[in-house]
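Me: I'm new to this one. Walk me through it, please, and keep it short.

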Amino acid sequence: MAVHQINSVNPATEEVIAQFTPHSPTAVDAAVERASLAARRWRTIPVPARAEHLKRAAALLRAERDQLAALITEEMGKPIAEAEAEVDKSAWACEYYATQGPELLMHQPVATGAARSHVAFDPLGLVLAVMPWNYPLWQVFRFAPPALLAGNGAVLKHASNVPRCALAIADIWNRAGCPPGLFTTLLVGPDAVPDLIADPRIHAVTLTGSTEVGSAVAAMAAHHLKPQVLELGGSDPFIVLADADVPAAAAAAVSARMHNTGQSCISAKRFIVEETVVEEFTDAFTAGVAALTVGDPFRRDVTIGPLARSGLRSDLVDQVERSTAAGARVVTGGTVPDGPGYFYVPAVLDQVTPTMAVAAEETFGPVAAVVSAKDPAQAVDIANATEFGLGAALWTTDLERADRLIPGIEAGAVFVNGIVASDPRLPFGGIKRSGYGRELGAFGLRQFTNVKSVWIGPAHNAQSHPLSE
């Protein structure tokens, strides 16, 4: 179904900030053609020269940090300090790849029987990026700097509730001096995605979003034999063993769950705690969550803003109600305050079992589920009893035991005594229904490249080789 209007709505007030007419099919075709031509030119530019454009993008992000952060906060409700940190992290990604990326893309010599042989990393072409609203800058800058540095172009179909962020990102790359159209933002609805994937000028697809949407996009891309990176849903476990520093773990748990108002694929969602310390952990964790301030995300003292859309709040209410009906207990929060805005008072539920909604499903908002485990082995079993496999945190002072447990934890990342986070230096992605492929790090940089084997024999044998006749 065609989208007749794309609205930017302030989720804290429910007011429409701006309205946009979606790009027509003719405008989309022209934009993709322009991006395709720009990508052909871009791939001929040496990698060090491409890196200079990344540095300029980083400089623009840092210079315009306040305006961009305010845009994020107004358009999707992120508390302003977190929005500022998101801009900073986006700049860091540009700087990291500008300085470290050229070496990672260098030819890798391989000893064979040839006079010379190596592995080269050539760009694929145009990458379609279907991106979500929860980190409207970072999600895009997680993919764009490495993809562009590798010589690709990008066509962005951003979430429809953050159109101004989407346009601002394209403007940054344009002002950073990239060929016009190399990074293109399309204001279109989800109905435009199938045709974009089918377009022969699009060579690869990256998507961050729900498992259901990821499955549909993967099927379409596979039909057209186009590589994909999928970063999908998560229900990350936060395992606290009996020998952990429980106060430190509980304090970290508050940030791990409630950052970005709980709207993160890699936020901790299931707090699996050994039974001998579960009461101590729950008390400390609950006190930390109850101390959070809900309100206007532009206020510096506010730590919990609105959810980005009304439907997200409705889903949370439903998951909590189904879980309490099954025997879980709300120990703090879990209410909808009066007044405008999509606010929800952050909740902690205990007496949760793995089959309850708040543990078995992805909760995308400020709701935490505490699950008791009798020992470390059962804690890992509960952690793995999910269709997701994005990240996992393990809290223990016995690092040798941590080393033994890590191989058995089914996740794309395991953080010991720390909060799971994305980092430009490390690959990022999941397993199971959390997706496949990797962003960030050397793996992410090469994700959208043709890993080309090059074999060069002695020049004097070129005419006498039996296969040359």
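Reply: First, a term: helices (H or I, at least four residues) and strands (E, at least two) are DSSP runs, counted from the N terminus. The model is predicted, so local features need pLDDT of at least 70 and side-chain atom pairs pLDDT 80 or more, while totals for chains, interfaces and linings use all residues. Residues are numbered from 1 along each chain as its sequence is written, and side-chain values use heavy atoms, without hydrogens or water.

Me: Which helix does alanine 168 lie in?
Reply: Alanine 168 is part of helix H6, residues 163-175.

Me: Is alanine 168 buried or exposed?
Reply: Buried, because its relative accessible area is 15%. The cut-offs are under 20% for buried, over 50% for exposed, and partly exposed in between (1.4 Å probe, protein chains only).

Me: What does alanine 168 touch?
Reply: Leu68 and Leu71, if residues up to four places away in sequence are not counted. Contact means heavy atoms within 4.5 Å. Leucine 71 and alanine 168 are 97 residues apart in sequence, yet their C-alpha atoms are 9.2 Å apart.

Me: New topic. Which residues does the UniProt domain annotation cover?
Reply: In the UniProt record, an unreviewed entry, "domain: Aldehyde dehydrogenase" covers residues 5-454. Such annotations may be inferred rather than shown by experiment; their names are shortened and their positions follow the numbering used here. That span is 41% helix and 19% strand, and its end C-alpha atoms lie 50 Å apart.

Me: How many residues are in the largest nonpolar core?
Reply: The largest nonpolar core has 146 residues. A core here is a set of buried Ala, Val, Leu, Ile, Met, Phe, Trp, Tyr and Cys residues joined through side-chain atoms within 4.5 Å. Trp173, Phe183, Phe238, Phe281 and Phe285 have the most contacts inside the largest one.

Me: Which helix gives the largest share of this core?
Reply: H4, with nine residues.

Me: Back to phenylalanine 238. What is it in contact with?
Reply: Beyond its neighbours within four places in sequence, phenylalanine 238 meets several alanines, including Ala249, Ala252 and Ala253. Phe271, Phe281, Arg270 and Trp395 are also among its contacts.

Me: What is the space in the largest pocket?
Reply: About 970 Å³. On a 1 Å grid over the protein atoms alone, a pocket is an open set of points with protein on both sides within 12 Å along at least five of seven lines; a cavity is a set where a 1.4 Å probe fits but cannot get out; lining residues have an atom within 4 Å of a point. Points are joined across faces, edges and corners, and a volume is the space filled by probe spheres set on them.

Me: Which residues lie nearest the centre of the largest pocket?
Reply: Trp133, Gly209, Ser210, Arg309 and Leu312, out of 39 lining residues. Strand S1 (6-10), helix H7 (193-198), strand S8 (204-208), helix H8 (211-223) and helix H11 (310-325) each give two or more residues to this lining. By class, the lining has 20 nonpolar, twelve polar and seven charged residues. Ala, Val, Leu, Ile, Met, Phe, Trp, Tyr, Cys and Pro count as nonpolar, Asp, Glu, Lys and Arg as charged, and the others, Gly among them, as polar.

Me: And what volume has the second largest pocket?
Reply: About 560 Å³. Of its 28 lining residues, Tyr135, Ser255, His259, Ser264 and Val420 lie nearest the centre. Helix H4 (80-104), helix H5 (138-149) and helix H9 (246-258) supply at least two residues each. The lining of this second largest pocket divides into 15 nonpolar, eight polar and five charged residues.

Me: How many cavities of 30 Å³ or more are there?
Reply: Four. The largest cavity holds about 80 Å³. Phe143, Pro146, Glu439, Gly444 and Phe448 lie nearest its centre, among 13 lining residues. H5 gives the most to this lining, four residues.

Me: Where is threonine 363?
Reply: In the loop between helix H12 (357-360) and strand S14 (367-373). Threonine 363 counts as buried because its relative accessibility is 1%.

Me: Last one. Which strand holds valine 416?
Reply: Strand S16, residues 413-416. At 29% relative accessible area, valine 416 is partly exposed. Leu394, Leu399, Ala402 and Ile406 are in contact with valine 416, leaving aside neighbours within four places in sequence.
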